[in-house]
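Hello,

Here is the structure I promised to pass on to you.

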Amino acid sequence: EMCLDGELFLGRGEFQMCMSIAKQSNERDWRRLTLVVFDAPLVKGGFETRLCAAREALKRHNVDNSIAKVLPHVICRGKSHVLEELERITNLDGEGVMLRHPTAPYKGGR
């Protein structure tokens, strides 16, 4: 079994509804939420290794993407690329970007 780091997601602009659903035990509403996985903290190895292990675990347990999925990542091509991605994401009402070195060990926190 595996420990996954992520957050529940309903859709952009739906944070309050997501929190409301998460506080209840209504299975029908819970099925609207998706666990978006950012990392697998207890897997030994770098960031890419941990993401691969998370994807494999979800696949091995036949977890549908509507229930849980690993957040897609792209390799940063430099400062201008980061700024372009940040602008693209914030224009979609996203919160920002997460930067990780591909071989970095897990570090908890924000």
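Below is what turned up when I went through the model, which is a predicted one.

The largest pocket holds about 1,700 Å³ of space. Its lining is made up of 45 residues, and those closest to the centre are F38, L71, G96, V97 and M98. Several elements give two or more residues to this lining: β1 (5–9), α1 (15–22), β2 (34–39), α3 and α4. By type, the lining residues of the largest pocket split into 22 nonpolar, 8 polar and 15 charged.

Next, the inside of the protein. Which residues form the largest nonpolar core? There are 8 of them: V37, A40, F47, L51, A54, L58, A68 and V70. Two elements, α3 and β3, each give two or more residues to this core, and the largest share, 4 residues, comes from α3.

Is G6 buried, partly exposed or exposed? With a relative accessibility of 32%, G6 counts as partly exposed, because that value falls between the 20% and 50% cut-offs. Setting aside residues up to four places away in sequence, G6 touches L35, V36, V37 and F38. G6 and K69 are 63 residues apart in sequence, while their C-alpha atoms are 9.5 Å apart in space.

Finally, a word on backbone angles. Most residues other than glycine have a negative phi. Two residues here are worth a look on that score:

- N62 has a phi near 55°, a positive value in a residue that is not glycine. N62 lies in the loop between α3 (47–60) and β3 (68–70), and is exposed, with a relative accessible area of 69%.
- D93 has a positive phi too, of about 70°, and is not a glycine either. D93 is found in the segment after α4 (79–91), and its relative accessibility of 66% makes it exposed.

Happy browsing, and do write back with any questions.

Best wishes

Terms used: Residues are numbered from 1 along each chain as its sequence is written. This is a predicted model: local features need pLDDT of at least 70, side-chain atom pairs count only at pLDDT 80 or more; totals for chains, interfaces and linings use all residues. Side-chain values use heavy atoms; hydrogens and water are left out. Buried means under 20% relative accessible area, exposed over 50%, partly exposed in between (1.4 Å probe, protein chains only). A nonpolar core is a set of buried Ala, Val, Leu, Ile, Met, Phe, Trp, Tyr and Cys residues joined through side-chain atoms within 4.5 Å. On a 1 Å grid over the protein atoms alone, a cavity is a set of points where a 1.4 Å probe fits but cannot get out, and a pocket is an open set with protein on both sides within 12 Å along at least five of seven lines; lining residues have an atom within 4 Å of a point. Grid points are joined across faces, edges and corners, and a volume is the space filled by probe spheres set on the points. Ala, Val, Leu, Ile, Met, Phe, Trp, Tyr, Cys and Pro count as nonpolar, Asp, Glu, Lys and Arg as charged, and the others, Gly among them, as polar. Contact means heavy atoms within 4.5 Å.
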